[in-house]
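This report describes a two-chain model, with attention to one chain and to the contacts between the chains. Please consult the sequence and structure shown here.

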Amino acid sequence: MFTDLIYRLRAVFRREPVETEMDDELRFHLEQLVEHKVKAGMTRKESERRARMEFGGVDQVREDCREARGVRLIEIVAQDIRFGWRMLRKSPGFTVVAVLTLALGIGANTSVFSVTNAVLLEALPYRNESRLVMIWERNARSGNDHNVVSPANFLYWQESNAVFEQLSAFWDQEVTSTGRGEPQQIPAQVVTANLFSLLGVSPILGRDFSRDEGQEGRDHVVLISYGLWQREFGGDPEVRGKTLRLDGESYVILGVMPRDVSLFAPKGSFTGKIAELWLPFAWKERHRKPSGRYLTAVGRLKEGVSLVQAQTQMNSLVDDLVKKYPDFETGWGVNLVPAHADMVSHIRGTLLMLVAAVGFVLLIACANLANLMLGRAVTRERETAMRTALGAGRGRIIWQHLTESMMLALLGGLLGLLSAKWITLGLLALAPKDLHVKAGHLDWRLLLFVIAACLVTGIVFGVAPAFVAARTDPAGALRDGGRGGTGKRRARLRNAFAVAEIALSLIMLSAAGLLMKSFVRLSAVDPGFDARNMLTLRISLPGSKYAKDEEYIEFFNRLLERVRAVPGVRAATIGNSLPMSGMTPGTDFEIVGKPKPPRGEDRVTDVAKAGSDYFQTMGIRMLRGRSFNEREEAVASHVVVISEALARRYFPEEDPLGQKIVIDLGEKHEQSEIIGISADVKRDSLDSTSHPMSYWPHAELPFSSMMLAIRTDGDPLDKVGTIRGIVHEMDSELPLANVMTMDDVVGETVARQRFAALLLGVFACMALLLAGIGIYGVVSYAVGQRKQEFGIRLALGAKRRDVLLLVAQHGARLAVFGVTLGLLGTLALTGVLRGFLFGVGPHDASTLIQVAAFLGAVIFLACYLPALRATRVDPLIALRQD
Amino acid sequence: MDAGRIDMPQGTLDLLILRTLALEPQHGWAISERIQQISSDVLRVRQGSLYPALHRLERRNWIKARWGTSDNNRRAKYYELTKSGRRQLEVETDAWEKLTAAVAQVLGTV
């Protein structure tokens with residue numbers, strides 16, 4: 001094999017000596033032949049003549065020898081490339097259109113692939129990441145299988161399991177950093193000290209937590225992220241040992257973690273943000289008591305232990321827990337998910353949908369180019385015929401054409417690779433923040449993808465035209481310039497491509513249409529409150545300065561008073577968690593005078609703390625009863641407002657007003673009277689269902705971290721400066737966090753749907769444009785071919801309308817076939833969109849009809865222009881041609 | 001086509017060249033002469049097939065070439081068998097014998 005290659009290469013590169021040697025060898029043979037004949041008694045002259053005749057064509061022998069040496073293959077490729085280059089340069093218009101189309105198609109694919117690669121395929125930056133497993137609790141009743149974990153359960157698992165090398169737990173929270181310019185909130189993670197050793201990452205500077213860090217007295221240490229190190233400390237190599245003021249207390253910096261090592265589990269995060277610093281967490285005795293769930297747990301499987309084995313053992317541990325704590329554990333299970341899959345589960349679907357969409361665009365681009373190439377094959381018929389007549393075989397012609405399409409594909413790919421960078425930037429700019437999409441680096445996978453995309457593309461759009469070209473009948477083509485039998489087959493092929501384009505774009509348009517309709521429906525959902533002209537922000541009082549409940553109440557009341565006095569502020573209120581602004585605490589409750597429900601069917605409610613004018617400010621309707629009064633807001637008076645959903649579920653056949661409930665939150669277990677029923681509010685997002693909800697006056701359940709909701713005249717963001725000033729006057733170390741308009745808050749909950757709808761819309765438009773161009777090309781080519789016929793028809797008295805109709809028929813046939821195929825494809829494929837759609841089925845008839853009609857209109861337009869040209873054929877000129 | 005001569009089946013020429021070169025290194029002309037002589041003029045090798053075959057065998061590394069001087073003192077390209085060529089000759093001879101024996105058997109019985 002290797003000597004073979006050397007031999008071939010020597011034959012190619014040392015061409016001159018090899019050729020001379022061959023000539024010498026053949027001349028020697030000829031001379032011997034002559035000698036032989038002279039010896040046999042012929043005259044020398046006669047011998048020479050006969051020898052030459054016998055020897056035959058020297059050139060033929062030489063060519064065969066070259067082929068035997070294996071020179072030909074390489075030479076042919078080089079020759080084809082040179083020739084292809086000349087042909088591409090000869091028709092720059094065609095080349096530019098083709099390369100740009102491909103650049104767009106391949107660029108979009110490359111860019112989507114690079115993101116997909118970075119998010120879905122790239123391994124997490126941890127040692128043996130395939131053995132990392134996220135551990136969630138599963139709630140049978142709510143169906144949530146990604147519930148955060150109770151510390152008591154975690155501790156039991158840690159002590160009793162035999163399938164994990166180590167288990168770690170953490171939770172996300174925000175901390176307030178002061179003493180370094182503007183106070184700011186930083187997303188942080190409170191982690192068990194072994195988290196990083198479990199993950200297998202070490203600090204790039206300083207050291208990791210030691211095992212006992214986090215214990216009382218040893219818990220004021222912190223690890224910082226690479227980003228924070230760069231941003232806040234300018235990458236200072238001496239950062240170790242410096243202090244950070246967090247929530248009013250000093251923390252010593254132990255070390256700096258490498259880039260991108262934050263373990264972010266979207267389903268367990270309270271902040272939805274990637275942590276920038278880590279605080280140690282130590283187990284205390286009280287964690288053994290089963291109460292509350294808030295941990296995210298991760299484990300490293302032991303060597304050789306499978307996920308199924310681990311799940312089986314964990315199931316049996318949960319069975320133990322159910323026996324041990326029947327009140328707390330009944331109805332709960334455990335769910336193990338490989339860490340990587342878990343981390344990308346929220347984005348996987350969107351990305352795969354994008355991959356499919358850009359794949360479609362590229363396919364349509366291919367169909368378009370195939371049609372262009374077919375058109376070219378026709379204009380080049382004479383050239384092909386000439387080559388055939390001069391002895392080029394079928395394979396040779398096919399090879400030549402494929403080389404050209406390959407060259408186009410590679411050029412397009414190169415340009416696509418360059419443009420992919422920009423497309424990726426656009427993609428990332430559009431992507432909702434909470435998707436945490438990242439761009440890929442230019443790695444071998446990406447390069448391989450681009451090369452593969454080029455090769456496949458080149459073959460896909462090049463193969464049909466190449467075979468068609470090779471079928472050229474040289475005699476016919478040379479005689480009359482190519483209007484032979486191949487014309488019909490070719491036309492059929494072109495029509496087939498056009499039909500495919502229509503079908504593919506219809507599928508794209510349907511998907512985009514469904515997503516857009518779904519988005520519109522979603523946006524029109526009534527959230528249960530009025531999001532217009534509302535500013536929201538969070539203020540968290542550090543425990544070091546504000547220790548007592550009265551201090552919280554006093555601070556927020558004073559703040560509200562001052563904010564309400566700001567000109568342009570119509571109303572202001574506080575709540576511990578406004579709708580759609582993060583997690584809401586929930587708890588069990590009892591109804592006074594009613595028996596406890598059976599285990600696992602506890603009554604549950606979300607708990608919201610609300611100011612007296614909360615409902616009025618938020619625009620939440622009171623259905624019955626009343627809201628809190630000023631006195632109830634200031635002094636705990638044991639009253640509560642419940643939501644409609646709570647009333648419906650737990651008081652189905654009686655009047656809840658006047659009844660008393662008790663919740664299990666904090667230390668107080670007071671009986672509180674239901675004084676009002678409010679309309680339901682969408683809690684997490686517009687497509688979520690409404691949970692049972694109870695609202696408590698701030699005095700009843702004081703909280704150190706509250707959100708402000710401020711209704712303003714005009715743009716709410718105009719008031720941010722004033723409000724920051726007020727807060728700083730009251731306490732210069734308090735940052736304003738999560739400053740957003742309520743419109744944006746609501747918008748973010750549908751950002752994913754908007755992202756999907758927008759991108760699919762963009763790609764569908766690209767598809768539509770390409771398809772339109774393709775159809776225009778096919779129809780106008782057909783018009784050009786039938787010019788003579790139209791001329792005759794017009795000369796014989798056909799009306800222009802008749803000609804128009806003939807062309808329109810052609811377009812209509814394409815449209816009917818394409819749309820039918822496309823509809824079938826749509827019905828088969830859009831089922832995968834089901835999870836993305838809200839309020840609209842994947843086969844929504846009205847969307848499909850609208851989309852098909854729209855596509856039909858575009859097809860009509862694409863046909864109309866060539867048709868118009870057909871009617872303008874001058875019979876005299878048309879007939880004079882040829 | 002002269003009477004008494006037959007066309008060579010595909011691949012036979014390679015075998016004959018290898019066999020001829022197994023005796024001693026030879027140039028192209030001598031190879032064709034030798035094959036013709038030994039086969040009593042039944043097999044005649046045309047240069048149109050001989051030289052491509054030689055180049056092909058050289059590419060496969062079964063024979064190698066060097067320039068030498070012929071009997072009549074002319075510069076000529078001599079081919080000789082390489083080690084792998086010798087192995088190939090054995091393989092092909094074996095295969096040929098099996099083939100002819102099998103063909104003969106079939107022809108004999110039918």
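What percentage of the contacts in chain B with a separation of 6 or more is accounted for by residues 24 or more positions apart? The share is 49%, two residues being in contact if their C-beta atoms, placed from the backbone, lie within 7 Å.

## Basis of the model

This is a predicted model, in which local features need pLDDT of at least 70 and side-chain atom pairs count only at pLDDT 80 or more, while totals for chains, interfaces and linings use all residues. Residues are numbered from 1 along each chain as its sequence is written, and chains are lettered from A and ligands numbered from 1 in the order in which they are written.

## Chain B

Chain B contains four helices and three strands, taken from DSSP runs (helices: H or I, at least four residues; strands: E, at least two) numbered from the N terminus. Their order from the N terminus is α-β-α-α-β-β-α. Of its 110 residues, 27% count as buried, that is, with 20 or more other C-beta atoms within 10 Å of their own, C-beta atoms being placed from the backbone.

## Helix α1 of chain B

The buried residues of α1(B) are B:Leu13, B:Leu16, B:Ile17, B:Leu18, B:Thr20 and B:Leu21. Their cover includes β1 (26-27), α2 (28-38) and α4 (83-109) of chain B, among others.

## Contact between the chains

In chain A, 19 residues are in contact with 14 residues of chain B. On the chain A side, α4(A) gives the largest share, seven residues.

Definitions and conventions:
A residue is buried if 20 or more other C-beta atoms lie within 10 Å of its own, exposed if 12 or fewer, and partly exposed in between; C-beta atoms are placed from the backbone.
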